[in-house]
Amino acid sequence: MGKVLSKNELLAEISELKNDNKTVVTTNGCFDILHVGHVRYLAQAKNEGDILVIALNSDSSVRGLKGPTRPVNKEEDRAEVLANLLSVDYVVLFNESTPESLLADIKPDIHVKGGDYDINNLPEAKVIHENGGKVVFMPMVEGKSTTNIINKVKN
């Protein structure tokens, strides 16, 4: 089995990992053009537990969030790139605008988000807390973003 799993495959794997008392950490995002900010963020997220799962926005989900010109990279490519990072254990795609439903099923011990969010504007915080998990915010890497890269290429 590879690192990019369907929801059902992931849930079966998570069940076994939790039976082995592994701490499951999740994060989510588009990860459209991978950059050093993403890599540092994912390495820090992995340090929060044993297993890091990325809930990756599907192409249709990214378009809904970012507009018709995004994503730059297709979901299969984004998933493959993420799956090949040392810090990442599993990648699962989701189609909704937020990963709330998926996270309700995974029931992670810890959910990590970037410092551009806080507990009041993070839609999935409620479902994490309802299932006994905690939310951890990581600092952003100043000046490193996909939007900045896209703007630089355009100019």
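This is a predicted model: local features need pLDDT of at least 70, side-chain atom pairs count only at pLDDT 80 or more; totals for chains, interfaces and linings use all residues.

1. Glutamate 124 sits in the loop between β4 (110-114) and α6 (125-130).

2. Glutamate 124 is buried but has no salt bridge. The nearest side chain of opposite charge is that of lysine 113, 4.2 Å away, and a salt bridge requires a nitrogen-to-oxygen distance within 4 Å. Beyond its neighbours within four places in sequence, glutamate 124 is in contact with Asn28, Pro99, Glu100, Leu103, His111 and Lys113.

3. Side chains of opposite charge can pair when their charged atoms come close. Across the whole structure, 5 salt bridges are found. One of them joins lysine 7 and aspartate 105, at 2.6 Å from N to O. Because lysine 7 belongs to helix α1 (residues 7-19) and aspartate 105 to helix α5 (residues 100-106), this pair ties together parts 98 residues apart in sequence. Lysine 7 is partly exposed, at 35% relative accessible area, and aspartate 105 is partly exposed at 33%.

4. Arginine 70 and aspartate 32 form a salt bridge of 2.7 Å, N to O. Arginine 70 lies in the loop between α3 and α4, and aspartate 32 in the loop between β1 (24-29) and α2, 38 residues apart. Both residues are buried.

5. In the salt bridge between aspartate 89 and lysine 46, the closest N and O atoms are 2.5 Å apart. It links the loop between α4 and β3, which holds aspartate 89, to helix α2, which holds lysine 46, across 43 residues. Aspartate 89 counts as buried, because its relative accessibility is 19%.

6. Which residues of α3 are buried? They are Asp59, Ser61 and Val62. Seen down the axis of α3, these buried residues fall within an arc of 155 degrees and therefore line one face of the helix. Their cover includes β2, α4 and β3 (90-94). Lysine 66, also in α3 (residues 59-66), is partly exposed at 44% relative accessibility. Glycine 67 follows α3 and has a positive phi, near 105 degrees.

7. The largest nonpolar core has 18 residues, and Leu42, Ile54, Leu82, Val91 and Val112 have the most contacts inside it. Two or more residues come from each of α2 (36-46), β2 (51-57), α4 (75-83), β4 and β5 (134-138). A second, separate core of 13 residues includes Leu10, Ala55, Val92 and Ile106.

Notes
Residues are numbered from 1 along each chain as its sequence is written. Side-chain values use heavy atoms; hydrogens and water are left out. Helices (H or I, at least four residues) and strands (E, at least two) are DSSP runs, numbered from the N terminus. Buried means under 20% relative accessible area, exposed over 50%, partly exposed in between (1.4 Å probe, protein chains only). Lys and Arg count as positive and Asp and Glu as negative; His and the chain ends are not counted. Contact means heavy atoms within 4.5 Å. A nonpolar core is a set of buried Ala, Val, Leu, Ile, Met, Phe, Trp, Tyr and Cys residues joined through side-chain atoms within 4.5 Å. The arc is that of the directions from the helix axis to the C-beta atoms.
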